[in-house]
Each structure stands twice: as structure tokens, then as C-alpha cells.
Amino acid sequence: MNVFHLRYAVEIAKTGSIKNAADNLFMAQPNLSRSIKELENSLGITIFERTSKGVIPTPDGERFLIYARSILKQVYEVQDLFSKKRNRSIFSITVPRASYISKAFTEFSKKLNAETDTEIFYSESNSLKAINNIVYEDYKLAVVRYNECDEQFFKDMLEEKGLKGEMIARFSMKVVFSEQSKLTLEKNITPQVLSQYIECSYGDRFIPTLSGEEARERARLSTSKRVIYLSERAGLFDLLAENHQTFARCSSLTSDILKRYGLVQRECEEAKEIYKDFLVYKKDYRLTDLDKDFITELCSSRRKYIN
């Protein structure tokens, strides 16, 4: 028994005629009759009986047809699902929590073709997760962020996993805090000044060679005794806006984000580590039109906001 047998039986039941069913199925009547006989023999039942008015299902045949129609419905749904997927444009990327990238993605989303079926997967996470998403989760692109002092480690990792990358941005972090914070009164923002405030940081580990504690210490900007670790960007901005004792370090924020949350950003004296954002994908991957459109917006946003 196979799917074709199920289709043959359902078509015969629908038309009430082997001849008409054969015509609809574009096959010879004897071949259709033989296929139904093979199906009946394999099941050990009689599916149809012949009458003066054509063929009608037997009681066993009626029960069989209930299952046959159900199975065919699922087969058609699966075929339809993946047929549409073949004609669907898919874009997937994992990125660091960065304002300029989020802005690029927003502009990219505004230009999606209304006539094309499109699925977009946009994830914010750390660099290790971004790489794993490409290697194991079928994501196509990632933006990997790392401290310049860890560059060789990441280059070796990309090579080992069959990935390649191109630099998108090189920058130092800015200190971000509420426009109502007393930090606005400071002429120079230094780690010593910041140690009196609550540091907010993304706490997820992203350097596999470091322990969780070492990674968190690396990410800290000050010697503050009070540190809050978060995992998502909106929560960070809400906290900075509402708690005027807090600060964070970020790549440059866009003007609309600063205005929306009432934040300011400043340079931190004595702490100007260099970071890099790399666009990463598999070596054998060919960029799609959607990929290229996003990269165009990403480069435009970087030129506008990263300095």
C-alpha cells in the first residue's frame, strides 16, 4: 500500500465509477482496477462492490476511506507547507545588543517586498551563541562582537568552524546614563567616578576560554561594588531611565533611543578598549538579495552612528 493507492481509492469513491476515476487520474482503466485489487489483497478486505449504478464502498471500505482521506489530507498539507517554503524568502541573523544594528534592521524591515512571502528570524545574543546559531541552528548570518584583545581567539574559532567574516565596525564603548543622573555634572567620566554608581551589564558569558566570573569581570568598566546583570536591551534602557544611580557601557546609541529614554552618552577617560563587530557566515554560503539589503542598511547605520 502506498499514497497512490490511497488516492486511487478516494477518487473512485468520489466518482462512483472506475472509468471516470481512471479518466480523472489520467490512467488506463485496467491499470486502476489492478491497483485497487492489489490494495484489497494487501489489506485482506473488499473496498468496493460493483452495482448496476456503479461502484460503492463496502462497510470495510467506508472505514478504510475515512483513514485514507485523513492520511491524504496530511500528505497534502506537508506538500503545501514545503512547496511554499521553497518559494519563500528567508532571512536569519543573530546580533549583539546594539542600537545601530537594531536601527539597521528596522530600516531593512520597512523595505520588504509586499509581493514576496518572507520569513525573518532576528535574534540578539552573545558572540558564542551567534556562532553556534550558524553552525547548529541553521541561521545564515551573525554579527560577532569581541574585544580586540580576543581577536585571535575568535579568528581561530571561525576558521575551525568553517566560517568567514568581514569587519563591520571598530569602536570604543560609550558610558550611558540618565540625563537626570549626577554623572552629567562630572567634567571627566573615569572608572573611579563610576565606581560610586551601579553598573548595569549584559551578564551572559561570551568568551569560552574564561570562566563565567572572569567574563563578567572583563565586561565591567568600574570597580563598583554594585552590579546588575541583564540579558535584554529594553530592560537595560528602562533601568537606566528610571534609576539615576545606574550606568552602562554600550556601542553608540542612536539619537532617537537617547531621546526616547532620556539618556546621555559620554566617553570614559582611561578606559577606551577597542571592540570589533564582524559579519559572519559559512564559507560556502552565497548571500541572498535579502542578506545584501540588510548589509547595505547595516553599513549605512554604522557610518551614521558609530564614531
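This is a predicted model: local features need pLDDT of at least 70, side-chain atom pairs count only at pLDDT 80 or more; totals for chains, interfaces and linings use all residues.

Reply: Residues are numbered from 1 along each chain as its sequence is written, and side-chain values use heavy atoms, with hydrogens and water left out.

Me: Why is the pair Glu151 and Lys155 called a salt bridge?

Reply: The rule asks for a side-chain nitrogen of Lys or Arg within 4 Å of a carboxyl oxygen of Asp or Glu. The closest N and O atoms of Glu151 and Lys155 are 3.7 Å apart, so the pair meets the rule. By this rule the count comes to 18 salt bridges.

Me: How are Glu151 and Lys155 placed in helix α7?

Reply: They sit four residues apart in helix α7 (residues 151-160), so about one helical turn separates them. Helices here are DSSP runs of H or I with at least four residues, strands are E runs of at least two, and both are numbered from the N terminus.

Me: Is Glu151 buried or exposed?

Reply: Buried means under 20% relative accessible area, exposed over 50%, and partly exposed in between (1.4 Å probe, protein chains only). Glu151 has 15%, so it is buried. Lys155 has 42%, so it counts as partly exposed.

Me: What makes Glu267 and Lys174 a link between parts of the chain?

Reply: Glu267 forms a salt bridge with Lys174, the closest N and O atoms being 3.9 Å apart. Glu267 lies in the loop between β11 (263-266) and β12 (274-282), and Lys174 in strand β7 (residues 174-178), so the pair ties together parts 93 residues apart in sequence. Lys174, at 6% relative accessibility, counts as buried. Glu267, at 34%, counts as partly exposed.

Me: What do Arg249 and Glu273 tie together?

Reply: Their side chains meet in a salt bridge at 3.2 Å, N to O. Arg249 lies in strand β10 (residues 246-250) and Glu273 in the loop between β11 and β12, so the joined parts are 24 residues apart in sequence. Arg249 is buried at 15% relative accessibility, while Glu273 is partly exposed at 34%. Elsewhere, salt bridges that share partners join Glu148, Glu151, Lys155, Arg170 and Lys276 into one network.

Me: How do you know that the span of α12 agrees with its length?

Reply: The expected span is 1.5 Å times one less than the number of residues. Helix α12 (residues 289-305) has 17 residues and should span 24 Å; its end C-alpha atoms are 24 Å apart, so the two agree. Its buried residues include Leu290, Phe294 and Leu298.

Me: Which element gives the most to the lining of the largest pocket?

Reply: α12 does, with five residues. Among the lining residues are Asp289, Leu290, Asp293, Thr296 and Glu297.

Me: What makes Ile66, Tyr67 and Ile71 a nonpolar surface patch?

Reply: Patch residues have over 30% relative accessible area and no salt bridge; like charges are joined within 9 Å, nonpolar side chains (Val, Leu, Ile, Met, Phe, Trp, Tyr) within 5 Å. Ile71 has 38%, so it passes the 30% cut-off. The patch covers about 350 Å², with areas from the Shrake-Rupley method with a 1.4 Å probe, where for residues only the protein chains shown count as cover. Ile71 lies in helix α4 (residues 59-86).

Definitions and conventions: On a 1 Å grid over the protein atoms alone, a cavity is a set of points where a 1.4 Å probe fits but cannot get out, and a pocket is an open set with protein on both sides within 12 Å along at least five of seven lines; lining residues have an atom within 4 Å of a point.
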